[in-house]
Structure formats: C-alpha cells, structure tokens
Amino acid sequence: GFDCVKELNKRGYTDVLGIDIEDLDITDEEAVNTFIKAYNPDVVMHNAAWTAVDKAEEMPEKVYAVNSLGPKYIAEACKAIKAKMVYISTDYVFDGNGTNSFEVNDPKNGLSVYGKTKSQGEDFVTSILDSHFIVRISWVFGINGNNFVKTMLRLSETRDEVGVVADQLGSPTSAVELAKAIVSLVPTDNYGIFHGTCEGMCSWADFAEKIFEKAGKATKVKRLTTEEYPTPTKRPAYSVLENRMF
C-alpha cells in the first residue's frame, strides 16, 4: 500500500488517498459504501488483508469477514459509482503441488483458511464487477511492514545459525517493483487476473543465505524440511506464479 501510493504520486496522480484500518473497517458494509461513495474515486486499490496465516486457522469467521466480505463490499461500492478496482490476492489460492509455474487460470485449491478466504474474495470481485484487476502476489519484501527479509536480519543480530525451510520454492518480489507493475494497470482497461512476481525462483533457505550475504552477516543457514519446521498452516510447497500476463 505504501509503495503504491508513492508510485502513484511519482507518476503524477495528485488526488491519491491512502487509508488504513483506523480510517475504515472493510468488514462494515455500510461504512465501506458511505466512505467510497463520498470520496467518489476513479479507482480503488484494495491492498488490505488478514495476512497472519497461522493465526487465521484459529479464527476463520473473522478472516472470512476481512478477506472475503471486505472485497465483496468494496466491489459493490465500486460498481455503484462505476470505479475500477484493484484487488491484491495471493499464491495461497493454489495448493502448491507440482513443479510447473501456476498460470492465472489454473484451478484454485487453497489449503488454508487464508488461501480459501482470499480465493472467495477473488470470486466475489469477479462476479460483481467487470472493471477489476486481480493481482496475485507472493514472497513480497520491502521497507514497510513485516516480511522475511526483516525477520532474517533481526535474527542475525543474535544468532550464529538460523533454521530455514529449504523445500518450499517461490519468487521473492520487491514491493517497489510490484507497485510499479500494479500502478501500470490503473489507466488501462486490461481487466482480469495477473500474477505479480519478480523473475526467478529459490527456496526460503536460498533466500536467507542471499540476505545474509548482501547484508554482510556471518550467520549460517541450517536447511530444514517442512516436516522439521511444522506450522499450524499447510503452506504451498511450490509457489512460483507464471507472470506472463503482465
């Protein structure tokens, strides 16, 4: 969100309003309707989500309200004022099985509460609003918010070795590069689903090693299997998204 606002301003869009949860609760249908109709934007970029995937397993109804009903209410409000909508989705809508990059129209089969609710959010948007851009993202890192790079750098301050999963593959994606791609869609009518990832692929362990190398840290990476690092959420083993639509 931060980087999208920055990129919009950089490209000369002067009337850009960035809001957070304090400004609008997207699970409140009436509030969403009132807010969007009052501001009357040409485009709504919906970058908010419940992204704490392990915590999501404990409270599916709350996550459904944020990740599924929130986009539904926004899409309905956009339809009422004839606005475009950008909806940010995720690689977790897929099951991560196989070794081929996921295409935009591949069957969805999310394994977790997070993946399933984001998939339902997509379905609401596509069924309600024609003028939509759905951008599925994965392995995003940047200066703002919590992300893998920050976590690894924090751990490197106090540890000589960090255990990192080596059998989950994906494409680390810069939030800055992602914002450029997303903002490029805004003036177009190339509606549909896009995969927004940087090129290449690696494991989390590969990524961690590169982070420590670039940061000049002596911390070593202990390569683990998913079984050795169990989490409440079943994560996709293969999260590489084919980005040819961009």
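Predicted model: local features only at pLDDT ≥ 70, side-chain atom pairs only at ≥ 80, totals over all residues.
Biologist: How many residues does helix H4 have, and how far does H4 reach?

Modeller: Helices (H or I, at least four residues) are DSSP runs, numbered from the N terminus. The expected span of a helix is 1.5 Å times one less than its number of residues. Helix H4 (residues 60–81) has 22 residues and reaches 31 Å from its first C-alpha to its last, close to the 32 Å expected.

Biologist: Where does H4 bend?

Modeller: A bend at a residue is the angle between axes fitted to the seven residues ending there and the seven starting there. In H4 the bend is about 35 degrees at Leu69, and the proline Pro71 follows within four residues. Just after H4, Lys82 has a positive phi of about 60 degrees.

Biologist: At what angle do H4 and helix H5 pack?

Modeller: Two packed helices are described by the angle between their axes and the distance between the axes. Axes are lines fitted to C-alpha atoms, for helices over the stretch in contact, and angles run from 0 to 180 degrees between N-to-C directions. H4 and H5 (residues 113–128) pack at about 15 degrees, with axes 8 Å apart. The two are therefore roughly parallel (angles under 35 degrees count as roughly parallel, over 145 as roughly antiparallel, 65 to 115 as roughly perpendicular and the rest as oblique).

Biologist: Which residues of H4 and H5 meet?

Modeller: Contact means heavy atoms within 4.5 Å. Among the residues that meet are Tyr64, Leu69 and Pro71 in H4 and Tyr114, Phe124 and Ile128 in H5. The contact residues divide into eleven nonpolar, five polar and four charged. Ala, Val, Leu, Ile, Met, Phe, Trp, Tyr, Cys and Pro count as nonpolar, Asp, Glu, Lys and Arg as charged, and the others, Gly among them, as polar.

Biologist: How do helices H6 and H8 pack?

Modeller: H6 (residues 148–156) and H8 (residues 204–215) pack at about 60 degrees, with axes 10 Å apart, and are therefore oblique to each other. Their contact residues comprise ten nonpolar, one polar and no charged. Met152 of H6 and Trp204 of H8 are among the residues that meet.

Conventions. Residues numbered from 1 in each chain as written. Heavy atoms only, no water.
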